[in-house]
Amino acid sequence: MSVKVLIPTPLQKFTNNQATIECDGSNIDQLIEALENNCPGIKARICDETGKPRRFLNLYVNSEDIRFLEGTDTTLNDGDEVSIVPAVAGG
Amino acid sequence: MTQTPIKTTKGSTFTNLVSKEGGVKYPLEALNVCEETFSPLEVAYDYDEIRRQVSRESIAAGPNSIWRYKAFLPVESENPIDVGTGMTPLVKSNRLARRLGLKNLYIKNDAVNMPTLSFKDRVVSVALTRARELGFSTVSCASTGNLANSTAAIAAHAGMDCCVFIPADLEAGKVMGTLIYNPTVMAVKGNYDQVNRLCSEVGNSYGWGFVNINLRPYYSEGSKTLGFEVAEQLGWELPDHIVAPLASGSLFTKIYKGFNEFVKVGLVEEKAVRFSGAQAEGCSPIAQAFKEGRDFVSPVKPNTIAKSIAIGNPADGMYALDIARKTNGNIESVTDAEIIEGMKLLAETEGIFTETAGGTTIAVLKKLVEAGKINPDEKTVVYITGNGLKTQEAVQGYIGEPLTIEPKLDSFERALERSRTLERLEWQQASI
């Protein structure tokens, strides 16, 4: 499953300063592993010690927060767009 | 474009940005999250320097605006953007207090803050002053309405370009109150959390200063002035209990920080202040977490008339939770019907017309009193943060109508008699 991933500025040092990259994965967990293969070091920034996405990062699949879906088990389909967005904004 | 030259002050009191989790230090740039953990960045100060610079007398002799507290704010310009923001009335409540059974209630009335009638003018005055110092010529924000009003107005005053993002379904008054200043307005088909995410994605690509994203550490400090003013207006004393609305939770945490800073530099005596927060039931992720004893906030999809505080994914939610718990406060939510009653109650007893967020806060105040969670003798300050003229839709159909009469004495007399009869009937039905 090829999906488009939006990378926030603080993580773009792992992606050669690319703001979006194409990646494969049939769910979010797998996508994070695939990101790590393409951009070594990025997983430790996205996830905490327990391997789950950090609490100050929000992940969205096609604009929907994965906490309203199946979390990191959320299924991905070809052409989906995944955004990784720092949570501390707004208000 | 010509802009006012920026003069900088010697002896800046703010030193760096620091990660709220882990304490990693960052330079004083347009940054809002720690690169390691993504936790929020906060402005750090040299409190010894502040103590050297300020006294009760020097503050009292300062401008009649938030800039009397400039030593506590993260700007270095000698001429910050001052449009008369702050120093709003702190009203001792008699009639609302009596109605609720409280003896020591005060209302901090930011419904009449300048220039755009909400507390947001405080944070925006600070953010745009800092934006100018950092060299931004375009400013932006993700807003539920009030912030867009304020950013557009103060950007116009400062001669900065402005592009604001709002949910497409905002109240007419909030939209018009932005458009009049002629910024670019993006009405996003989605709720505030979606607007916010979009703005985070727009992020740094355009070189804009987003007041509540990349300038957020500076911006949010402006809310401390709601704490400073209350302390000064109470005669250099902290209250016993405050009740404030919760949207992102930022305002709540900054009032707390403001009180603590005044204690730290010796301007007021230390005191245990209880912090209670108000949410609308249709968007109450922080109140739900409080009730369920959770230390994390699960996002919700907002569905309430209190649009200005309808943030389903609050950035500072867990910090607000922590403060309410450690100060022995509460976080409560109320229904839309109670919010309208809260707006009417404040208007009828105190002559203050607040928006839905203020109705929420008053309704929560009432609920906490009825539940015995506010002691009648506690010196309680309730924060009213926005103006009712901006959310007229909310009360339409819930308030009276004018009595239309002919320009004749007997028409007037008949109408008056009719209204008195109606009033009597209402009085007879009222439960005592």
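Hi everyone, let's start with a helix pair: in chain B, Lys120(B), Asp121(B), Val124(B), Ser125(B), Leu128(B) and Arg132(B) of α4(B) meet Asn146(B), Leu147(B), Ser150(B), Thr151(B), Ile154(B), Ala155(B) and Ala158(B) of α5(B). To meet, or be in contact, two residues need C-beta atoms, placed from the backbone, within 7 Å. The residues of this contact divide into 6 nonpolar, 4 polar and 3 charged.

A word on the model: it is predicted, with local features needing pLDDT of at least 70 and side-chain atom pairs pLDDT 80 or more, while totals for chains, interfaces and linings use all residues. Residues are numbered from 1 along each chain as its sequence is written, with chains lettered from A and ligands numbered from 1 in the order in which they are written.

Back to our helices, which are DSSP runs (H or I, at least four residues; strands are E, at least two). The axes of α4 (residues 120–133) and α5 (residues 146–158) of chain B come within 9 Å and cross at roughly 45 degrees. That makes α4(B) oblique to α5(B); angles under 35 degrees count as roughly parallel, over 145 as roughly antiparallel, 65 to 115 as roughly perpendicular, and the rest as oblique.

Now the sheet. In chain B, 4 strands form an open sheet in the order β8-β7-β6-β9, with parallel pairing; strands pair if DSSP finds at least two bridges between them. β8 (184–188) and β9 (209–210) of chain B stand at the edges with a single partner strand each, so one side of each lacks a neighbour in the sheet. β6 (residues 138–142) and β7 (residues 161–167) of chain B pair over 5 bridges.

Lastly, 20 residues of chain A are in contact with 31 residues of chain B. Thanks, everyone!

Key:
Axes are lines fitted to C-alpha atoms, for helices over the stretch in contact, and angles run from 0 to 180 degrees between N-to-C directions. Ala, Val, Leu, Ile, Met, Phe, Trp, Tyr, Cys and Pro count as nonpolar, Asp, Glu, Lys and Arg as charged, and the others, Gly among them, as polar.
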